[in-house]
Amino acid sequence: MSFEQDPRGPRPVVQRPRRGALAPTLSVLGVLVVLSLILAELWTEVLWYRQVGYFDVLRIELVTKGLLFFAGLLLMAAAVFASMAFAYRSRPLYAPVSPEQASLERYRASIEPLRRLVLLTVPLGLGLFAGSAASQHWKTVLLWWNAEPFGTKDPQFHKDLGFFVFTLPWWQFLTGFFTAVVVLAGLTGLVTHYLYGGLRLQGRGARMTPSARIHLGGLAAAFLLLRGVDYWLSRYALTTKQSELITGLTYTDARAVLTAKGVLAAISVIIAVLFVVGALLDGWRLLPVYGVALLVVSAILIGGIYPAVVQRFQVTPSALQLETPYIRHNVNATREAYGLSKIKVTQYDAKTQGTTQDLRDDAATIPGIRLLDPSLVSDSFGQLEQNKQYYSFPDTLDVDRYTLDGKTKDTVIAVRELDLAEAPTGQRNWYNDHIVYTHGFGVVAAQGNERTSDGKPAFFQKGIPSTGELGGYQPRVYFGEKAPEYSIVGGSQDGPQRELDYPDDKNASGQQNTTYTGTGGVEMGSTFNRLLYAIKFREQNILLSDAVNSKSKILYDRSPRERVQKIAPYLTLDGDPYPAVVSGKVVWIIDGYTTTNRYPYSTLRTLESVTSDSLTAQSESVVPLRDQQVNYIRNSVKATVDAYDGTVTLYAWDEADPVLKAWRNVFPTAIKPLSAIDGDLMSHLRYPEDMFKVQRDLLSRYHVQDPGAFFGQQDFWRVPSDPTGNIKADDQQPPYYLTLQMPDQKAPTFSLTSTFIPASGATNTRNVLTGFLAVDADAGSEAGKRRDDYGALRLLQLPRDAVVPGPGQVQNNFNADPQVNQLLNILRGGGSKVESGNLLTLPMGGGLLYVQPVYVRGAGANSYPLLQKVLVAFGDRIGFADTLDAALNQVFKGEARETGNTTPPGTTPTPTPSGAAPPSGSSSQTATAQDQLDTALQDAAQALKDSDTALKASDFAAYGTAQAKLKDAVQRASDAQAKLKNPGTGTATTPAVKPTG
């Protein structure tokens with residue numbers, strides 16, 4: 001047998017190209033890099049939490065997230081895999097011949113080699129997304145599992161509020177998750193059935209195989225059952241529904257929407273049964289179609305049209321009568337949820353004219369009026385106490401209280417922090433940034449109501465080393481708001497001291513060095529830990545530098561807010577941590593809030609919006625709360641961070657808060673009881689500013705408790721805009737800490753205050769005062785116990801017909817007063833800038849007193865504001881003097897300049913007869929006063945020039961002399977101006993009370 005050769009010759013052997021090792025190697029390396037990054041991040045977190053003593057927080061969070069992730073992954077992946085596998089295995093053996101199936105055959109042929117891969121990757125991919133989404137609800141799960149009752153029932157469903165806050169979110173999460181599982185399983189099953197012929201859109205005969213009908217019908221029934229559950233649960237969610245006027249159920253919701261949702265839930269269950277019947281019985285296949293049509297029509301008629309008809313024809317004509325009980329529910333719930341239910345309201349018929357006796361009656365209040373503006377004097381602190389350029393103070397300082405000479409006084413305090421951004425560029429390198437420059441040094445504190453003769457802050461704690469009335473304390477600040485990203489500190493006792501401690505001109509090197517000996521920081525002794533942190537911070541020097549030794553520690557996550565947030569992720573933290581010297585240590589104090597957006601009937605507020613004001617708009621150190629909606633808030637936790645070793649301590653401040661109770665069930669050892677707070681720390685705890693901002697925002701509407709008045713909205717208020725300038729016109733005036741005495745108090749107390757004016761109208765805004773709010777911010781000094789009055793809100797409500805100037809009107813009066821303006825123009829001479837301090841308001845003399853410090857900043861690059869004058873207003877009277885007491889005397893003794901008509905109502909001024917001689921001596925007095933004024937103005941201008949020259953030359957002695965001359969010239973000009981206005985009065989009156997500032 002012979003074979004003929006192929007005339008075309010032998011077929012060439014096709015050799016497949018060999019795959020190189022480069023691609024697999026790179027893939028493996030990529031995976032290893034990713035895994036090493038994840039390992040470094042995870043294990044360094046473990047080391048950090050262990051070091052700070054809160055490892056249980058990380059463990060519980062990770063375990064809960066992990067369980068939810070794997071549960072979500074398994075449920076989604078299993079459902080999708082089962083649906084796709086069942087659809088494939090139940091495919092018809094012979095697909096009907098049709099153009100549709102011929103087209104699908106090509107797709108089946110191309111997918112077949114990858115079928116097993118698709119069958120695994122699609123469920124796995126969807127499972128990963130589902131697991132990731134489920135793990136984000138770890139807080140919902142833990143709160144449901146550890147729920148606590150509120151002890152109060154809602155007025156509609158008569159369920160404990162804990163059901164709405166803790167249980168309802170859990171059931172809604174489960175419903176939503178299982179709905180997503182059923183929908184995705186149904187979609188993947190539907191596509192598989194269609195691709196393999198179990199479902200047809202064209203051709204004759206049945207469009208669906210029995211297996212496909214049962215499969216998809218069962219999934220549709222499951223979906224409808226879940227829809228029924230969702231309809232039923234959404235009835236309870238109406239308690240937080242936001243409408244135009246209130247939050248919660250309205251009349252239409254209670255009488256129509258609740259019924260509609262119940263009916264739709266029942267219809268969904270019935271149609272689910274129809275789908276099951278239609279899937280099992282071949283002759284009943286159209287039943288589900290009719291059922292779906294019924295559900296759609298019902299949703300339109302019952303869920304949409306019926307409530308609209310009730311609202312339009314029943315509610316709208318009688319809205320006030322029908323909505324009254326629901327408005328009352330909203331008012332009561334809102335006031336309770338935001339801590340406003342116990343506010344004490346006083347009708348306050350404020351005077352607009354005061355007397356000397358009024359001043360004497362409130363003399364005890366005068367020393368507590370804070371003149372030092374913490375938002376302006378940062379530059380003064382910096383120029384006078386910064387010492388070196390790599391130190392800095394925050395742009396807004398903090399207000400606290402300290403006992404000086406046996407008396408508790410308001411204080412402006414700041415930490416001298418390390419600020420690497422300000423260090424000389426030539427000194428910036430890895431070694432200096434992370435080994436040498438490691439910490440700030442000391443606090444600087446000044447009395448809030450005093451100043452030096454030339455207008456500087458009156459410091460009682462200052463300098464490097466730190467000296468003053470606070471005594472000895474640990475001044476080194478390793479943990480602060482401007483601390484470097486990380487520092488490597490510590491070492492053996494006999495090793496070199498690498499850390500810069502503080503500048504010291506007496507030392508040959510110009511500085512003192514130190515070695516950190518605190519307990520803070522993660523140990524870097526092992527090579528493995530050094531490798532982990534080198535990976536974490538992407539820095540090889542951590543592994544290679546000889547400055548890192550067996551005794552070294554690494555400090556990171558050093559911001560007080562960041563540390564507390566990691567340890568207590570369930571808290572919303574106040575935007576302004578503040579420092580205090582407590583028991584020989586500098587500690588940062590931070591207020592923590594528990595919140596929810598599920599409190600029935602309470603009005604929702606966006607925290608970022610209501611805590612933003614002129615201060616947060618221009619400051620980097622004071623920030624608004626994070627952007628989240630809440631309708632319940634409690635200042636439930638006080639947290640401290642030790643500035644030296646980073647120790648974080650949480651104290652339960654509101655132990656009755658059900659939300660805090662639930663979290664304490666989750667983390668039983670994380671929060672200490674209130675009884676653990678010692679007396680020294682207690683004396684520095686204050687009412688939190690952000691909490692007060694939220695409350696004043698709500699109180700602008702919810703001071704109205706009568707449903708009829710609330711419905712009319714005529715008596716709503718708003719917080720006035722900050723009138724002091726340098727900010728946007730719509731930025732709200734911030735609240736202010738100061739010591740004052742409310743009418744029902746027996747003595748002045750440290751308080752936080754704000755004012756109200758009428759809500760803006762369509763065309764204009766009346767800037768008259770309608771209310772004054774103060775909260776007792778003093779927690780006392782008794783260990784483990786708050787003062788009884790701490791947190792007491794007091795509202796002075798002015799009569800509607802009262803015309804007491806608001807902050808904006810008072811500022812306009814200050815700016816428009818001709819004599820004030822003239823003296824301010826003198827201070828502006830030589831390029832100097834006049835800056836208005838915080839406009840404080842407080843009850844005094846039977847009315848409301850406004851006090852504003854006036855600062856002057858020189859024209860030089862290194863200038864800083866100096867407190868030179870004080871403006872005071874009471875009604876339409878204005879006082880303007882060097883000291884607060886002198887300005888008060890002008891107002892309360894009748895010597896102030898009137899901003900309005902000075903003629904008493906109902907009288908006519910007596911004209912000077914024609915040709916009559918002026919009063920005896922008035923002509924010569926006027927001429928003399930004019931000469932005095934001209935001379936004083938010339939002297940003031942020269943003093944300003946001398947001040948600028950001295951400042952540019954850094955001659956602070958000459959600068960102080962020039963400022964003293966300027967002060968003297970301004971006072972002489974003020975006296976001469978007073979003589980010109982009232983030539984018969986002689987010289988200016990000497991203040992009757994001793995100046996305090």
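Modeller: Start with Arg786, which lies over the face of Trp653, at 4.9 Å from the ring centre. A charge sits over a ring if NZ of Lys or CZ of Arg is within 6 Å of the ring centre and within 35 degrees of the ring normal. This is a predicted model, where local features need pLDDT of at least 70 and side-chain atom pairs count only at pLDDT 80 or more, while totals for chains, interfaces and linings use all residues. Residues are numbered from 1 along each chain as its sequence is written, and side-chain values use heavy atoms, with hydrogens and water left out.

Colleague: Which ring does the charged end of Arg50 sit over?

Modeller: The ring of Phe55, with the charged end 5.1 Å from its centre.

Colleague: How many aromatic pairs are there?

Modeller: The count comes to 40. Rings of Phe, Tyr and Trp (its six-membered ring) pair if their centres lie within 6.5 Å; planes under 30 degrees apart count as stacked, over 60 as edge-to-face and the rest as tilted. One of the pairs is Tyr402 with Phe460, with centres 6.2 Å apart and planes at 55 degrees, so this pair is tilted.

Colleague: What does that pair tie together?

Modeller: Tyr402 is in strand β3 (residues 398–404) and Phe460 in strand β8 (residues 457–462), so the pair ties together parts that are 58 residues apart in sequence. Helices (H or I, at least four residues) and strands (E, at least two) are DSSP runs, numbered from the N terminus.

Colleague: Is Tyr402 buried or exposed?

Modeller: Tyr402 is buried, at 5% relative accessibility. Phe460 is buried as well, with a relative accessible area of 5%. Buried means under 20% relative accessible area, exposed over 50%, partly exposed in between (1.4 Å probe, protein chains only).

Colleague: Now the largest nonpolar core. Which residues touch the most other members?

Modeller: Among them are Tyr54, Tyr533 and Phe710, in a core of 151 residues. Helix α6 (residues 161–195) gives the largest share of this core, 11 residues. A nonpolar core is a set of buried Ala, Val, Leu, Ile, Met, Phe, Trp, Tyr and Cys residues joined through side-chain atoms within 4.5 Å.

Colleague: And what is Tyr54 in contact with?

Modeller: Leaving aside neighbours within four places in sequence, Tyr54 is in contact with Tyr49, Ile567, Val648, Thr649, Leu650 and Ala670. Contact means heavy atoms within 4.5 Å.

Colleague: Last one: why is α21 largely enclosed?

Modeller: Of its 14 residues, 13 are buried, so α21 is largely enclosed by the rest of the structure.
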